[in-house]
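The following questions and answers are intended for a reader who is new to this structure.

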Amino acid sequence: MKRLPSTAAMVLSMVGVQASAQDVAGMSDLEFAHIAYTADNIDIRYAYLALALSTNPDIHEFANTMIRDHTAVNEAALGLLEKLGATAQDNAVSQTLNANAEDIIDGFVQLRGAEFDAAYAANELAYHQAVNDLVENTMIPNIDNAEVKALFEQGLEIFKAHEHHAEMMVQALQ
């Protein structure tokens, strides 16, 4: 079975991001917004790739859920930013997430069938675990704006359900 080395690299990089939680905690709400928006867009990209490469109906159902939910959260975030007259601010964490996503996508496109499905499910689980932990334990406690904090809390609830769903997919594909 081919291994997807970029998944491990992404998880290790996220651990590195979490290890510098003090640096992330010192960011602004607008930087947090960019990280979350970036993470959502990456998961949407993974989902479209899953729809293209997998024939597994369960993978398709999960991918469609990712597209629907992450798009909805991003639209709500953009609406809130517009209401606040603010713009999300790019930062090193967002850039690292994007760089890691490119590596993961490069690995995914080499896989097919059960190998792709297992790699996609494992990546979704690791990705949601890492990002949810960062949001819950570092970002939310340090968000200043009450409306932004409420949106992050609402999103986290949705994305914890994604994490649980991904965990069940990983188990089912073993």
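Q: How are α6 and α7 oriented to each other in this predicted model?
A: The axes of α6 and α7 cross at roughly 150 degrees and come within 8 Å. Angles over 145 degrees count as roughly antiparallel. The orientation of α6 and α7 is therefore roughly antiparallel.

Q: Which hand does the crossing of α6 and α7 have, left or right, and how many charged residues does their contact have?
A: The crossing of α6 and α7 is left-handed. By class, their contact has 14 nonpolar and 4 polar residues, and the number of charged residues is 6.

Q: How many residues of the contact of α3 with α4 are nonpolar?
A: On the α3 side the contact includes Leu-30, Ala-36, Tyr-37 and Ile-44, and on the α4 side it includes Ile-59, Ala-63, Val-73 and Leu-81. The residues of this contact include 6 polar and 2 charged ones, while the nonpolar residues number 15.

Q: Which residues of α6 meet α4?
A: α4 and α6 pack at an angle of about 35 degrees, with their axes 11 Å apart, and their crossing is left-handed. From α4, the residues involved are Ile-59, Phe-62, Ala-63, Met-66 and His-70; from α6, they are Asp-117, Tyr-120, Glu-124 and His-128.

Q: What is the volume of the largest cavity?
A: A search of the whole structure finds 1 cavity of 30 Å³ or more. The largest cavity has a volume of about 320 Å³.

Q: Which helix gives the most residues to the lining of the largest cavity?
A: At least two residues of the lining come from each of α3, α4, α6 (113–139) and α7 (146–173). With 7 residues, the helix that gives the most is α3.

Q: Which residues lie nearest the centre of the largest cavity?
A: By class, the lining of the largest cavity has 17 nonpolar, 5 polar and 2 charged residues. Of the 24 residues that line this cavity, those nearest its centre are Ala-36, Asp-40, Val-73, Phe-152 and Phe-159.

Definitions and conventions: Residues numbered from 1 in each chain as written. Predicted model: local features only at pLDDT ≥ 70, side-chain atom pairs only at ≥ 80, totals over all residues. Heavy atoms only, no water. Contact = heavy atoms within 4.5 Å. Helix = DSSP H or I, 4+ residues; strand = E, 2+ residues; numbered from the N terminus. Nonpolar A, V, L, I, M, F, W, Y, C, P; charged D, E, K, R; others polar. 1 Å grid on protein atoms, 1.4 Å probe; cavity = no way out; pocket = protein on both sides within 12 Å on 5 of 7 lines; lining within 4 Å. Points joined across faces, edges and corners; volume = space filled by probe spheres on them. Axes fitted to C-alpha atoms, helices over the stretch in contact; angles between N-to-C directions. Left-handed = near helix turned anticlockwise from the far one by under 90°. Parallel < 35°, antiparallel > 145°, perpendicular 65-115°, else oblique.
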